[in-house]
Amino acid sequence: SSASEKSGSIDHRKRNKDTTAALSSIVFIQESMLEGTKHKQEITGSNTFERDLLAATREHQIVIVQNETNSGRTAKIPQYLHEAGLTDDGKRIGCSQPHSVASMSAASHLANELGVRLGNEVGYSVRFKDCTSERTVIKYMTDGTLLHELLSDPSLDSYSVIMIYAQKATVETTILLGLLKQMSRRRSDLKLIICSTELNANKFSNFFSEAAILTLPQRPYSVDIYFTKEPVPDYIDACVNTVLQIHTTESSSGDILVFLAAQEEIEPCQEMLLDRVKRLGLEKEQLLICPLYSNQPWDMLKKIFEPTPPNTRKVVLTTHIAETSLTFDNIVYVIDSGFEKQRNTKVEGRLQAQNQRTSLDMLMNVPISKESANQRAGRVSHVAPGKCYRLYTAAAYENKVKDCTVPEIMRISLTDAILMLKALGINDLLNFDLQDPAPPEALALALEQLYALGALNHLGELTRTGRRMAELPVDPMMAKMLLASETYKCSEEIVTIAAMLLVKNCIFSRPKDKIEHADNARKNFSHPLGDHFSLMQLYNQWTELGCSKQWCSENYIQFHSMERARDIREKLVGLMQAAGIEMVSSLPDTTNVRKAIIAGYFYHVARRSNAGIYETVKHHQTVAMDPNSALVENQTPLVLYHELVFTTKETMQTVIKIDPRELLEVAPHYFKSEDFNQNNPA
């Protein structure tokens, strides 16, 4: 069939020459559509779905619910089960989602539907925030939260139903499904409901021994899919242009959902959009721009799901976290950048000099899969026909895009997952039943790293330190750093650094028209010892000034992120005190602070070669210094970094200066003095 061409150019009669220059047109070609039933009355009624669901749960212990994204139907399932009496015996319905944003919004939506206060009958529990009570009978949570709950309630005896939103194959989801499969044999009274896409429904059914599949009816309206005629050189710029093309040419008043690759792209995109709205002479009030990202403060998040005001179009700027689980009521247009930020771990072979494997763990922007592209297109709400604008060509989609996203368990570090399994008593890792098996080399590397961190003994058994690490809701490296602060008597400093590291990607604001001022303001917080100390110094100044919002604004710091850091710090302090760790300070001396950081992150060390290039100490990978680092202009011989991010090259983010003698003292089992010999080839 012939493709129809659609130019997004604006009617020149409505613009002057200045606005023509301000907005370049992107030409799209319609190549396909997500089919709909065309007429809303053809959709099976909600009463029929409720009846089928309750019949399936009565007859089967495990039910796979196959549904399209943004159907809103799966959000009703906990309500139907509650009303059918599955919480009458005092037990709860647990709903596990991959992201905290989804858990919080779903809980709020259902509480409104039932007319109850959030935190009473319906609540949520996510990392560092619990909004539940003894009255809570429907509890939303993240997969990670449910895994931690298993530490204290291994059989989940307080639940009658566990519902898993498994559209995205995260490591936590994969591990959770394996544990629940095992548990279902012990607890025949526990009902499991797995929400899946059409693509994976049979896979889930097979994993759960031919579990029943309940299929939800098709969407009522179709979604037209448009591809760009030519590749776009800058997808953020193209996103901005496409938003304005839709806003100025489409008669429909529907809202727009924009998928960017990463959270740090949201603010620049918002700035560009506001700038071009101004240049086009449009009224700023016509577009309500709403950022949506992971770990967003609740007061910001709930505004996104409020009804759009009259004569206004909402533009939601988000990342892959909105591909599933979230329900939007008025999205008519989706703009898909075609990218997402993924964490990938490259596992190398064993080093010849030592009997140790090496790995390179980094964040990078990668093209999405066809599966993700269809999930993004499916975010169009079910209230009207929709359109999805993909900022890549149809040829690229057909020839270069993978069919499915590689499951996380096959591409990232498994250290966190293995620590949790060990804490739950799963010692035979090779025979633990997982839907997507973990690569043996990744398992071996995780075991070696946990041994090096002191979480496992030489027999692979969990140590007391490992148990304490597992109980902290952070990754094992950060957990070890927090616990080491007890030994080095610097818990006050380390807990501040940890809280700031958990929000570090969204602390500094960089408005497009004030880049120089913002960069200068950031430099004022630079600490000569490096970025961990810069973050600590920033937090301490903010609290000394009474957590001032005005001070944040004057220094181009995002106030909401600082509030988030404060909340996380309070939670971590409570957890550490519960573990018997006294909160003490080692300042003004910083040596022990560095040692505690090294205790957790000794894997992340790079040295500066004679040629002036940084290379990781163990596997000699060339890495660059982050241009925003306090140490970027220093010629520091040896540094420790928090993480590697791949942009055009592997870049160390959040870096501090360290001394080789401190490394040899804190991690003698991992480093030898010859590792820091410049004559040692790198």
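Guide: pLDDT is the predictor's confidence in each residue, on a scale from 0 to 100. This is a predicted model, in which local features need pLDDT of at least 70 and side-chain atom pairs count only at pLDDT 80 or more, while totals for chains, interfaces and linings use all residues. Residues are numbered from 1 along each chain as its sequence is written, and side-chain values use heavy atoms, leaving out hydrogens and water.

The mean pLDDT of the protein is 87, with 90% of its residues at 70 or more. Residues 349-357 stay under 50, and the model has 21 contacts (heavy atoms within 4.5 Å) for them beyond four places in sequence. Residues 1-5 are also under 50, with 10 such contacts.

Helices (H or I, at least four residues) and strands (E, at least two) are DSSP runs, numbered from the N terminus. S7 belongs to an open sheet of 8 strands with mixed pairing, in the order S6-S5-S7-S4-S8-S9-S3-S10; two strands pair if DSSP finds at least two bridges between them. S6 (129-131) and S10 (212-215) are at the edges with a single partner strand each, so one side of each has no neighbour in the sheet. From one strand to the next, the twist averages 20°.

On one side, S7 pairs with S5 in the parallel sense over 4 bridges, and Tyr 140 of S7 stands opposite Tyr 124. S4 runs parallel to S7 and is joined to it by 5 bridges; here Thr 142 is the bridge partner of Gln 97.

S7 is largely enclosed by the rest of the structure, because 5 of its 5 residues are buried (under 20% relative accessible area with a 1.4 Å probe, protein chains only; over 50% is exposed and in between is partly exposed). Ile 138, Tyr 140 and Thr 142 are buried on one face, and Lys 139 and Met 141 on the other.

Axes are lines fitted to C-alpha atoms, for helices over the stretch in contact, and angles run from 0 to 180 degrees between N-to-C directions. Helix H6 (residues 171-186) packs on the sheet as well, touching S3, S4, S8 and S9, at about 145° to S8.
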